[in-house]
Number of protein chains: 4
Amino acid sequence: MPATNTNLETALRKIEMTGVPQVRKPALAFAGGLDSALCALLATKKYGAAEIVPILVNIGQGAAELAAAREKAAHLGLTLIVLDVQDEFSNIWLKKAIRANVDYNGYPCSTSLARQLISAVVAQKAIELGCDALMEGSTGKGNDQFRMHNVFALFAPGLPHLMPVRDFDLTRGEEAALCEHWGVPVTESLIGGDDTTMWCRSIASGGLDLDTIVPDDAWLWYTPPQFAPDEPETLTIRFEEGVPVAVNGQRLSLRELLPLLNELGGKHGIGKLDVWEDGIMDLKSRELYEAPAATIILRLHHDLEGLCLTKDELVFKKTVDQRWATLVYDGEWFHPLRADLDAFVAQTQGVVNGEYTITLYKGNIDIVKRESNSGLFAPEIRSITAESFNQQLSGSVARLRGLPYEVLAKRAARMRWSSVGAQRPAGQ
Amino acid sequence: MPATNTNLETALRKIEMTGVPQVRKPALAFAGGLDSALCALLATKKYGAAEIVPILVNIGQGAAELAAAREKAAHLGLTLIVLDVQDEFSNIWLKKAIRANVDYNGYPCSTSLARQLISAVVAQKAIELGCDALMEGSTGKGNDQFRMHNVFALFAPGLPHLMPVRDFDLTRGEEAALCEHWGVPVTESLIGGDDTTMWCRSIASGGLDLDTIVPDDAWLWYTPPQFAPDEPETLTIRFEEGVPVAVNGQRLSLRELLPLLNELGGKHGIGKLDVWEDGIMDLKSRELYEAPAATIILRLHHDLEGLCLTKDELVFKKTVDQRWATLVYDGEWFHPLRADLDAFVAQTQGVVNGEYTITLYKGNIDIVKRESNSGLFAPEIRSITAESFNQQLSGSVARLRGLPYEVLAKRAARMRWSSVGAQRPAGQ
Amino acid sequence: MPATNTNLETALRKIEMTGVPQVRKPALAFAGGLDSALCALLATKKYGAAEIVPILVNIGQGAAELAAAREKAAHLGLTLIVLDVQDEFSNIWLKKAIRANVDYNGYPCSTSLARQLISAVVAQKAIELGCDALMEGSTGKGNDQFRMHNVFALFAPGLPHLMPVRDFDLTRGEEAALCEHWGVPVTESLIGGDDTTMWCRSIASGGLDLDTIVPDDAWLWYTPPQFAPDEPETLTIRFEEGVPVAVNGQRLSLRELLPLLNELGGKHGIGKLDVWEDGIMDLKSRELYEAPAATIILRLHHDLEGLCLTKDELVFKKTVDQRWATLVYDGEWFHPLRADLDAFVAQTQGVVNGEYTITLYKGNIDIVKRESNSGLFAPEIRSITAESFNQQLSGSVARLRGLPYEVLAKRAARMRWSSVGAQRPAGQ
Amino acid sequence: MPATNTNLETALRKIEMTGVPQVRKPALAFAGGLDSALCALLATKKYGAAEIVPILVNIGQGAAELAAAREKAAHLGLTLIVLDVQDEFSNIWLKKAIRANVDYNGYPCSTSLARQLISAVVAQKAIELGCDALMEGSTGKGNDQFRMHNVFALFAPGLPHLMPVRDFDLTRGEEAALCEHWGVPVTESLIGGDDTTMWCRSIASGGLDLDTIVPDDAWLWYTPPQFAPDEPETLTIRFEEGVPVAVNGQRLSLRELLPLLNELGGKHGIGKLDVWEDGIMDLKSRELYEAPAATIILRLHHDLEGLCLTKDELVFKKTVDQRWATLVYDGEWFHPLRADLDAFVAQTQGVVNGEYTITLYKGNIDIVKRESNSGLFAPEIRSITAESFNQQLSGSVARLRGLPYEVLAKRAARMRWSSVGAQRPAGQ
């Protein structure tokens with residue numbers, strides 16, 4: 001969708017809307033893209049701001065994106081406040097996400113998490129600096145508006161939220177037209193939003209159709225398997241209490257480990273996700289992500305839980321994990337239920353310890369070796385080659401376990417059901 | 001574990017046990033392997049059988065295995081009854097499994113399903129032929145004993161179950177020693193059992209340790225990615241009412257389609273499964289499977305549901321599917337709850353229609369194109385490039401959706417909690 | 001809250017709002033109360049209607065309420081269309097509700113159900129009669145607006161919804177002031193809405209505070225236990241396929257049976273409900289209901305399921321029932337998931353047959369006798385006074401059932417945990 | 001079932017069984033009833049014990065039962081070790097049970113809990129005193145055998161479990177015959193077991209038929225409503241962090257509070273339970289309990305949670321609570337999952353604070369007043385009499401909330417489904 005004249009005319013007409021709230025000093029969650037630029041422009045042009053407080057939160061989007069954001073801010077004449085939350089994001093937020101096997105329809109909830117942390121940080125800074133409004137660039141079509149609203153409402157009660165894309169009902173093409181009209185160049189794709197954190201990167205979010213194909217150079221970390229190395233690469237990853245703590249014997253913080261695995265995994269064709277997402281407003285979107293580190297870590301964490309947790313814990317934790325992901329996706333990180341679920345999850349993870357040896361090869365993760373001193377695998381009891389207990393015991397178990405079937409068979413006979421078996425024939 | 005002299009001595013001592021039930025004409029679920037052979041031998045030598053009714057059920061284990069079974073039967077002097085249930089297995093049992101996204105810890109429940117159908121068929125045939133006992137080769141360590149017991153109890157109430165491996169508490173080495181002692185050659189691996197159906201094949205089940213590596217020639221369909229073709233292969237698969245019905249435009253029954261996809265998928269490195277399984281007795285085993293067709297079909301079926309079912313249906317169906325797999329794994333196919341769950345599943349599948357174009361390449365399944373006339377993807381409403389509804393509406397939604405946070409913030413203030421946010425600080 | 005002058009002034013000011021949609025011939029869901037009257041008045045005064053099509057749906061609200069509605073319509077000069085859906089409501093909607101043990105936080109979802117059926121009937125009639133809008137009296141605070149919206153959107157796509165209480169943001173006091181101002185007398189309580197169906201009656205809904213006490217004459221069927229008869233009354237109720245079909249041996253349709261049990265139960269102090277309700281907008285309200293028939297039927301249906309369904313079915317059906325009630329409460333009767341859940345429920349109910357003898361006495365329902373030919377109670381196996389199976393079998397079961405604890409104990413020893421038991425000590 | 005001669009002859013024959021394990025010094029979980037007496041007798045007569053260590057655990061069964069147990073021990077020549085665990089039982093075990101709204105098919109899991117604590121205490125004492133076996137009187141028909149087995153296996157690994165009723169496959173009549181034969185009088189009912197703790201009392205457990213009526217004097221606390229006082233009694237109960245801490249303004253420990261409420265509630269006809277129970281072996285039994293204190297506390301705790309927890313927490317906690325009760329009922333108190341679930345529950349309870357004023361009257365508990373400073377009821381926002389937010393906002397919500405119905409309606413039109421609505425017509 002080009003930034004056509006029609007777009008500009010429509011956009012200019014839309015922003016003539018009356019009843020726009022007037023503020024003095026809004027804090028702006030500044031990311032460096034089209035939406036951020038438009039916010040900065042409209043803050044003064046339409047919302048009456050005398051001063052803008054633009055806050056850039058470093059959530060691991062990488063040096064290139066940060067540099068571009070600084071450049072864009074300079075172009076707009078803004079003095080950026082940069083807050084680095086990479087430690088909090090990785091050590092608290094992503095740690096909980098890994099332990100909960102974060103998975104919303106196959107998506108590891110990267111932006112979902114990041115936007116809520118960003119919102120909390122921005123809201124707190126805004127209050128500290130005496131701002132009288134909160135401003136951000138979410139559209140009225142997506143999920144982020146709801147996520148950020150909840151956090152703003154909690155951390156800065158009473159402060160108005162300015163969201164010009166939604167407030168003026170602008171399309172992405174109209175946003176671009178306005179920016180260019182006011183001399184701010186638009187460099188990014190218009191079909192949808194990209195969003196990068198150290199955990200995952202979204203591609204053209206909200207703009208993909210059923211048959212959209214993204215070009216091979218759309219990826220930051222991911223190499224399509226055809227172009228990946230012809231030799232497998234072997235590495236070891238150690239987990240402690242459910243969290244990866246070392247790669248190839250080298251102890252690393254999550255903040256160090258994630259970029260490493262994004263690089264290694266991406267190189268070998270790991271981590272492309274092409275999924276259906278049911279948004280907060282209950283509308284479907286097709287989404288593309290690249291998440292090499294997350295893919296490797298979540299695969300191994302899940303496997304390690306299979307070794308170290310009891311069957312009953314695994315079954316119930318699936319329900320907890322599913323709820324966790326939905327809650328966080330829906331923008332409810334600060335909801336009391338999230339803390340409740342995390343209490344459950346944390347209690348399970350003390351025994352989730354072990355080391356994996358894996359090979360990466362053209363999109364495949366192969367587990368070569370598993371080690372754990374807190375595992376519950378007991379081949380000395382279970383293996384059919386071991387003489388661990390007298391199998392005759394099992395005969396009694398089968399008999400008593402089958403008693404309900406004897407009761408069911410009696411009922412079937414009593415009811416004279418025509419079909420053999422425990423079930424009422426259909427139609428009777 | 002070689003069939004040593006020690007094994008033989010121990011085994012001969014064990015089968016001297018007293019109190020063995022004596023029968024006249026047992027029906028034997030005959031598969032052609034070590035366990036089946038031992039059953040046939042002990043039927044006459046220990047259980048007093050005058051006549052054996054060996055029943056071989058064709059569940060898609062393939063021509064080679066069937067031929068070997070016939071040869072083994074001939075060697076044992078048995079006249080096999082062969083019952084072909086491939087149509088029932090694929091059109092009823094596997095159809096339900098696909099619709100329920102069958103997944104028990106990553107395992108598509110092949111043997112779990114097959115043994116129950118086999119048991120039902122054998123029990124019914126046994127009654128038809130006037131047999132006075134049911135005989136099969138399950139061990140007392142695994143899951144099959146429980147699965148077969150339930151079905152036998154329901155379809156042939158009152159008939160005794162003879163399970164010599166369990167009844168005499170034999171190890172796999174002792175079984176082999178006895179067979180060889182009585183002149184029946186043992187050709188298979190002793191570390192665990194292989195089991196093949198048209199749906200999936202298990203490798204060395206029950207005998208794998210944490211670091212067991214199976215040789216490359218252990219696989220029937222699967223080619224390790226390193227040896228797979230260097231060129232991707234593209235194919236189309238059409239689903240109707242949740243079931244695959246055509247490949248590359250050619251209409252196929254499930255019974256025809258599964259071997260085709262096992263071949264195509266296996267060739268391209270698809271379908272190796274290396275999973276943790278929590279057995280019925282709540283003990284863990286590591287299991288290896290190859291299931292190329294199942295892997296492709298379940299991946300696409302799940303994606304297609306993501307396109308055609310509502311969010312609420314998808315969330316709830318996860319719970320139904322999980323229960324379905326557990327129930328079936330546990331040997332409860334004929335339990336009333338299975339029919340209840342299937343009623344739910346069947347009701348959802350009428351709209352699960354569409355065609356996928358995919359490429360297979362060295363272990364990767366890539367979706368190139370999706371088509372469906374019953375999908376719920378509505379980019380004309382959802383896309384951020386479309387002007388489908390006035391985004392200002394969303395502002396009201398965010399506000400009302402956030403009301404509970406205003407209530408929570410008030411409580412936090414009222415309680416004078418020190419931490420910002422909706423949650424009670426830990427320790428208070 | 002009296003209909004003060006202030007209320008009138010505010011209300012008159014509010015309805016001066018511009019931008020009110022103008023229609024020709026709206027269909028009005030007419031119930032006969034304050035909200036309905038206001039709709040009729042504003043239809044012509046504000047929405048420009050030339051003709052009103054008022055539709056009164058008989059859902060079992062009783063002769064008195066119907067008569068009052070007719071009188072109110074006459075006073076307003078309206079010619080009522082009366083549609084009797086009591087058969088559909090009882091035989092289809094309530095039948096499903098009973099089978100699903102309908103329970104949303106203790107509330108049997110009466111209005112939730114009724115409003116959706118009313119909406120469907122009104123929307124279909126509106127289309128039949130060529131109406132160009134749908135009108136109803138819901139407030140913007142409650143749940144009914146969302147329930148009716150969904151049904152209208154589905155059955156009359158494109159027709160505008162006129163909801164004056166919400167559109168003009170009126171309080172209940174302002175509504176009353178307007179009605180009286182225009183000569184329509186207001187007779188009902190202003191603290192909240194009452195709503196009666198054959199299934200349940202709500203009292204002052206949406207207007208109760210933490211300590212509100214309703215007067216003894218607020219009840220239609222319910223007699224407080226202190227005033228109930230001093231003699232217990234015994235009756236029998238027969239269920240077939242999960243639905244009550246006879247009382248004291250007399251076969252009755254649900255439509256006949258419900259008023260009878262409302263009378264009998266209410267007389268004996270049964271059926272007062274005082275519950276917390278989490279509304280669709282996630283705000284809490286305290287609600288009072290009287291539902292003698294529903295209380296008796298749901299109590300017995302639940303008990304009968306305990307006798308006739310398997311343990312596994314009962315456990316899973318709890319989850320299904322809970323989802324059913326939430327879905328229906330949320331206004332999603334016509335959502336595909338409701339049909340999916342009902343398919344599950346219907347499959348379970350074929351064996352839910354039996355007869356109960358109960359006594360009613362001052363708020364107590366005592367089960368005196370249970371009879372069922374499809375029950376699964378087998379005292380000949382289970383009773384500790386019967387010699388049904390050799391208890392020694394159970395020793396093996398306990399041993400094998402306890403194997404996971406042996407594995408857990410080994411881990412605890414291996415990890416040198418200080419606490420005895422299977423669990424990791426806190427803090428380790 | 002009288003202790004007939006036939007019973008005696010059969011019993012004497014049964015205990016002639018060979019292969020009985022021989023021990024030196026078993027610890028006996030001594031409760032004072034028929035089962036305990038038989039254990040003590042057979043310990044020396046059949047299991048070869050030179051010394052018995054009888055341990056009586058005070059779990060709040062009351063002074064009368066304790067005195068009777070002491071008398072029985074004296075008669076048997078045993079020197080009882082009495083361990084009082086009432087504090088641990090109430091402050092740790094029952095506190096968790098209340099917070100989890102303990103409810104297994106309507107049963108508050110009294111014996112389920114008590115037996116596991118008793119087993120842990122007995123096993124630990126046995127090890128301390130150098131015992132070489134653990135002995136208890138469970139039958140092979142009920143649940144307690146499994147509960148005690150798990151705990152014994154964990155706390156005293158390797159020690160044999162002697163359970164003579166099960167080991168010798170004795171009926172209750174045979175037990176009585178043996179006791180009387182050896183001069184120990186039998187005073188209790190033979191139709192089933194009674195079991196009393198401070199939390200609940202079971203009546204004739206395992207021996208009730210469909211139409212068994214227990215005599216009015218079978219109850220310890222409960223007064224049938226007909227005989228309860230004609231005047232209501234009003235009391236207040238205060239909860240802190242989910243646990244009742246005061247009655248009528250007087251602060252009480254749980255251990256003090258429970259007997260008080262058992263007395264007060266029982267006097268007013270509260271607390272009779274007549275439920276279906278699906279046992280661990282999946283067989284149904286009808287069970288009768290009296291639990292006045294538990295009934296009152298669980299009713300109010302549930303209501304208070306409705307006031308203080310968010311909707312999302314309430315919905316998810318139902319699933320957690322259901323799993324908690326099943327786990328504990330199944331004898332898995334010391335399973336890691338119980339600790340995981342409790343971590344969730346504990347996190348929710350910090351805000352469950354408040355005071356209730358209730359009246360008790362002939363089986364009815366009426367809530368007169370609720371007070372809480374941590375509640376989430378906000379009538380200033382929600383009430384339809386308050387002007388808290390502009391209701392016009394809700395129109396947008398209804399519109400966007402209904403978007404999925406617009407998508408569904410489009411699909412229905414596209415598919416040309418004959419039925420109106422979102423659902424595929426049956427049979428299509």
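Author: Two strands pair if DSSP finds at least two bridges between them; strands (E, at least two residues) and helices (H or I, at least four) are DSSP runs, numbered from the N terminus. In chain C, C:Ile203 stands opposite C:Leu288 in β12(C). This is a predicted model: local features need pLDDT of at least 70, side-chain atom pairs count only at pLDDT 80 or more, and totals for chains, interfaces and linings use all residues. Residues are numbered from 1 along each chain as its sequence is written, while chains are lettered from A and ligands numbered from 1 in the order in which they are written.

Reader: In which sense do strands β7 and β12 of chain C pair, and over how many bridges?

Author: Strands of a sheet pair through backbone hydrogen bonds, either parallel or antiparallel. Here β7 (residues 201–205) and β12 (residues 284–290) of chain C pair in the antiparallel sense over 3 bridges. Both belong to an open sheet of 4 strands in chain C, ordered β6-β7-β12-β11, with antiparallel pairing. Its edge strands, β6 (193–196) and β11 (272–278) of chain C, each pair on one side only.

Reader: How many residues does each chain bring to the contact between chains D and C?

Author: Two residues are in contact if their C-beta atoms, placed from the backbone, lie within 7 Å. Chain D gives 79 residues and chain C gives 80. On the side of chain D, helix α6 (residues 144–155) supplies the largest share, 7 residues.

Reader: What rotation superposes chain B on chain D?

Author: Copies are superposed by least squares on the C-alpha atoms of residues with pLDDT of at least 70 in both. A rotation of 180 degrees, with 0.0 Å of shift along its axis, superposes chain B on chain D (RMSD 0.0 Å). The two copies are therefore related as by a two-fold rotation axis. Within chain B, B:Val397 comes closest to the rotation axis, at 2.5 Å (C-alpha).
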